[in-house]
Amino acid sequence: MKIKEIYTLHEGLMTLADKELPAKVSYRVQKNLSKLESEIKTIQKTTEKLNEKFVDMEKAKDNESQLIKDNLKDGVTIEDYQKELDELMVQDVEIELRKIHIDDLSDIMIKPVVLSQIEQIIEE
């Protein structure tokens, strides 16, 4: 699974976690969320290091704009930053997630967008 897919799956599971679910499904959703959140913490630490490399933190403190492009270190372009961020987002990560059977979700209303977000862990 790519890092950027982790965020999509996390968003879908958060939506699902807000629904009334059978205990078995609720448990699987929560276990999956815990694993994803652990991975997201690691990703955030890596992103912070990327920010330290490219962003002038002193400049950012004094600048009204919190946009990264407005607070880059001298000689650094937004393209440099975006290139490394893109490389990070396409890295493969192995996470063992529990599958959720589609029939276990038949009693709740789920938007199609949420189903597409959690598609990787749905089994028919």
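Let's start at Ile 118. Setting aside neighbours within four places in sequence, Ile 118 is in contact (heavy atoms within 4.5 Å) with Leu 9, Gly 12, Leu 13, Leu 16 and Leu 105. Keep in mind that this is a predicted model, where local features need pLDDT of at least 70 and side-chain atom pairs count only at pLDDT 80 or more, while totals for chains, interfaces and linings use all residues. Residues are numbered from 1 along each chain as its sequence is written, and side-chain values use heavy atoms, with hydrogens and water left out.

Ile 118 also turns up in the largest nonpolar core, which has 32 residues. A nonpolar core here is a set of buried Ala, Val, Leu, Ile, Met, Phe, Trp, Tyr and Cys residues joined through side-chain atoms within 4.5 Å. Buried means under 20% relative accessible area, exposed means over 50%, and partly exposed is in between (1.4 Å probe, protein chains only). Leu 13, Leu 16, Val 29, Ile 100, Leu 105 and Ile 118 are the members that touch the most other members. Helix 1 (3-17), helix 2 (23-54) and helix 4 each supply at least two residues of this core, and the largest share, eight residues, comes from helix 2. Helices are DSSP runs of H or I with at least four residues, numbered from the N terminus. As a general background, nonpolar side chains in soluble globular proteins tend to be buried together.

Now look at how the helices pack. The axes of helix 1 and helix 2 come within 10 Å and cross at roughly 140°. Such axes are lines fitted to C-alpha atoms over the stretch in contact, with angles running from 0 to 180 degrees between N-to-C directions. That angle makes helix 1 oblique to helix 2: under 35 degrees counts as roughly parallel, over 145 as roughly antiparallel, 65 to 115 as roughly perpendicular, and the rest as oblique. Among the residues of helix 1 that meet helix 2 are Leu 9, Leu 13 and Leu 16, and Val 29 is one of those on the helix 2 side. By class, this contact has 13 nonpolar, three polar and two charged residues. For these classes, Ala, Val, Leu, Ile, Met, Phe, Trp, Tyr, Cys and Pro count as nonpolar, Asp, Glu, Lys and Arg as charged, and the others, Gly among them, as polar.

What about helix 2 and helix 4? Their axes come within 11 Å and cross at roughly 165°, so helix 2 and helix 4 are roughly antiparallel to each other. Residues making this contact include Ile 43, Leu 50 and Asn 51 of helix 2, and Tyr 81 and Leu 85 of helix 4.

Beyond its neighbours within four places in sequence, Val 25 is in contact with Ile 100, Asp 104 and Leu 105. Ser 34 is in helix 2 too, but at 41% Ser 34 counts as partly exposed.

Finally, visit Ile 68, in the loop between helix 3 (57-62) and helix 4 (78-89). Ile 68 has 28% relative accessibility, so it counts as partly exposed. Apart from neighbours within four places in sequence, Ile 68 is in contact with Asn 51, Val 55, Ile 78 and Tyr 81. Ile 68 and Asn 51 are 17 residues apart in sequence and 8.3 Å apart in space, C-alpha to C-alpha.
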